Amino acid sequence: MLKRTHYAGELSEAHVGSEVILSGWVQTIRNLGSVLFFDLRDREGIAQVILHESDDSSLFSQAADLGREYVLSVRGNVRLRENPNPSIPTGRVELVAQEMEIFSSSAVPPIHIQEDDKAREELRLKYRYLDLRKKTVMDRLRMRSRIYQSLRSSLHELDFTEVETPILYKPTPERARDYLVPSRVNPGKFYALPQSPQTLKQLLMIGGCDKYFQIAKCFRDEDLRADRQPEFTQLDLEMSFVEQEDIFALNEKLMATLFKDIKGIDIKIPFDRLSYAQALERYGSDKPDRRYGLEILALENVFKESNIGFLRSAVEAGDSVKGIFLPGTDLYSRNQLKSLENKVRTFGAAGLATLIFAPEISGSLAKIIGEKEKEALYSLCDEKEGIVFIISGKKKTVLTALGNLRTTIAREKELFDPSEHDFVWIVDFPAFTYSEEEGRYVSEHHPFTMPKREHLPLLDSDPSSVLAECYDLVIDGYETASGSIRIHDSALQAKVFSLLGLSQEQIEERFGFFIEALKYGTPPHGGIAFGIDRLSMILSGTENIRDVVAFPKTQDATDLMSDAPTAAGEGQLKELHLSIVQKEEE
């Protein structure tokens with residue numbers, strides 16, 4: 001067997017005159033009659049191989065039968081090319097073949113193994129094992145491996161203990177649905193795949209582990225997005241005898257080391273902080289991207305006495321009138337502005353008003369706005385040319401619509417440098433929100449989060465006003481990590497469960513083991529979990545989480561390659577004491 005001595009993508013002028021053996025896949029073939037070229041591809045890149053019929057007719061004949069994606073090894077000498085190719089790193093050299101060993105042939109692949117193949121994503125996912133042969137795709141997976149290495153190395157140096165927790169466990173009280181696994185040996189009972197190792201890592205703190213981490217597989221049966229998968233990986237951390245500041249300091253250093261290791265860049269620590277309320281008021285989101293401006297402007301005072309009826313009425317009704325200002329000239333056409341209006345309507349806004357400051361004032365408000373209001377707006381915009389986008393209505397709807405509008409505008413107008421990164425802690429979240437749909441309070445994060453001590457008296461009288469000791473780390477507009485200081489008192493934990501509408505029987509059934517564990521001397525503790533998939537997405541510069549997962553699911557949680565999920569056989573269902581009930585057509 002011809003065993004590789006070098007990777008194809010590593011060849012350079014330094015190898016000229018050397019004999020090397022390359023192994024990989026045939027990318028392209030060009031047979032010119034008496035001279036044959038083929039590109040050999042491996043995970044590092046592409047190298048050109050050349051054969052002359054006059055040098056070895058038998059070898060030339062062997063090469064002439066090659067096809068795309070044939071797998072082989074080739075031995076030869078490296079020389080300078082007569083016609084260099086500056087578009088690839090190895091373009092100044094080529095390999096003159098002397099011996100070749102073909103390991104396998106290939107059927108004609110359904111997708112081209114090249115970066116700009118323009119294949120539909122569904123086709124790429126169906127033939128993911130072929131898609132993985134592309135250098136950019138494999139590079140992302142290799143970067144992910146280096147992310148694991150960096151994180152593990154840092155945490156071991158900080159004396160953390162890596163502990164694996166069970167995959168088959170109890171259903172959890174998280175907001176998403178569980179994936180349930182029927183127990184064959186316990187008929188009628190089910191395990192749940194973990195949404196997170198939440199109670200388990202807290203039990204490790206009760207058990208004296210002190211500093212725990214795990215790169216954990218987690219599962220949530222929820223609707224998918226471009227940055228979400230039904231199964232995902234998180235870096236899970238928990239520490240005893242800590243406060244919020246300790247967790248912030250440690251994880252800021254962890255991220256600084258990671259970004260230095262992976263991208264070679266220095267990031268500024270400590271990170272900025274925004275309260276949940278500040279983030280919503282300024283950016284319309286609790287995961288703001290601050291690499292561009294477009295901060296939300298409060299315009300209630302501008303329009304409180306306006307002749308523009310719908311804006312004045314909104315202020316009089318106690319609703320919100322807010323906007324964002326995009327500086328510049330010739331920014332959007334009328335049709336493009338209409339498209340933006342349709343966009344904000346999908347988030348509940350009634351419409352989108354505009355005023356364009358230019359030598360000639362225009363926009364939907366231009367003919368009806370008063371001079372006083374125009375001057376006030378112009379002053380808020382630092383007397384610059386540009387467009388003011390205005391939305392009125394219920395505060396939550398207005399902020400959500402403007403938050404999404406600013407993100408859309410920033411992407412369309414390329415207002416930020418993708419190579420730059422923005423880190424910000426979001427703190428002071430509400431502990432609970434009231435769900436009109438469920439008719440009860442629900443946890444904003446999860447029910448194990450410690451309320452702020454000064455707000456504990458409000459648990460009985462005004463739960464909506466209670467803030468929690470929880471925090472999110474937002475990087476470039478993505479919620480990348482989330483954590484909290486945990487409740488370590490059994491009575492307080494039971495009280496929170498009760499506030500969330502659980503009966504004593506339900507508390508005992510679901511969390512009795514955990515409530516009991518808290519009674520046996522629990523240290524104060526807290527932690528955080530990083531989404532490895534999102535972190536990999538940010539570090540690799542892609543906006544689709546499927547790009548950094550080896551074998552991802554589609555938007556409807558299916559695996560196009562293996563056709564999972566599939567129906568279970570009658571024998572399997574019988575063993576599990578299950579039967580399928582067909583939904584009746586309405």
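Biologist: In the second largest cavity, how many residues of the lining are nonpolar, polar or charged?
Modeller: Seven are nonpolar, four are polar and none is charged. Keep in mind that this is a predicted model.

Biologist: Which residues line the second largest cavity?
Modeller: A lining residue has an atom within 4 Å of a cavity point. Here the list runs Ala431, Phe432, Ser443, His445, His446, Pro447, Thr449, Pro451, Ala468, Cys470 and Val496. The space in the second largest cavity comes to about 60 Å³.

Biologist: How many cavities of 30 Å³ or more does the structure hold?
Modeller: Four.

Biologist: Now the surface. Which residues make the nonpolar patch of about 250 Å²?
Modeller: Ile167, Leu168 and Tyr191 make the patch. Take isoleucine 167 from that group. Its place is the loop between strand 6 (161–162) and strand 7 (180–182).

Biologist: On to charges. How many salt bridges does the structure hold?
Modeller: There are 42. The cut-off is 4 Å from a Lys or Arg side-chain nitrogen to an Asp or Glu carboxyl oxygen. Arginine 92 and glutamate 13 meet at 3.2 Å, N to O. Arginine 92 sits in the loop between strand 4 (71–80) and strand 5 (93–104), and glutamate 13 in the segment before strand 1 (19–31), so the pair ties together parts 79 residues apart in sequence.

Biologist: Where do the partners arginine 290 and aspartate 272 lie?
Modeller: Start with the contact. The closest N and O atoms of arginine 290 and aspartate 272 are 3.1 Å apart, in a salt bridge. Arginine 290 is in the loop between helix 7 (276–283) and strand 12 (297–298), aspartate 272 in strand 11 (residues 272–275), and 18 residues separate them.

Biologist: Which helix holds both lysine 374 and glutamate 371?
Modeller: Helix 11 (residues 371–380) holds both, three residues apart, about one turn of the helix. Lysine 374 is buried at 18% relative accessible area, whereas glutamate 371 is partly exposed at 49%.

Biologist: Which residues are linked in a network of salt bridges?
Modeller: Arg124, Arg128, Asp131 and Lys134 are linked that way.

Definitions and conventions:
Residues are numbered from 1 along each chain as its sequence is written. This is a predicted model: local features need pLDDT of at least 70, side-chain atom pairs count only at pLDDT 80 or more; totals for chains, interfaces and linings use all residues. Side-chain values use heavy atoms; hydrogens and water are left out. On a 1 Å grid over the protein atoms alone, a cavity is a set of points where a 1.4 Å probe fits but cannot get out, and a pocket is an open set with protein on both sides within 12 Å along at least five of seven lines; lining residues have an atom within 4 Å of a point. Grid points are joined across faces, edges and corners, and a volume is the space filled by probe spheres set on the points. Ala, Val, Leu, Ile, Met, Phe, Trp, Tyr, Cys and Pro count as nonpolar, Asp, Glu, Lys and Arg as charged, and the others, Gly among them, as polar. Patches are made of residues with over 30% relative accessible area and no salt bridge: like charges are joined within 9 Å, nonpolar side chains (Val, Leu, Ile, Met, Phe, Trp, Tyr) within 5 Å. Accessible areas come from the Shrake-Rupley method with a 1.4 Å probe; for residues, only the protein chains shown count as cover. Helices (H or I, at least four residues) and strands (E, at least two) are DSSP runs, numbered from the N terminus. Buried means under 20% relative accessible area, exposed over 50%, partly exposed in between (1.4 Å probe, protein chains only).
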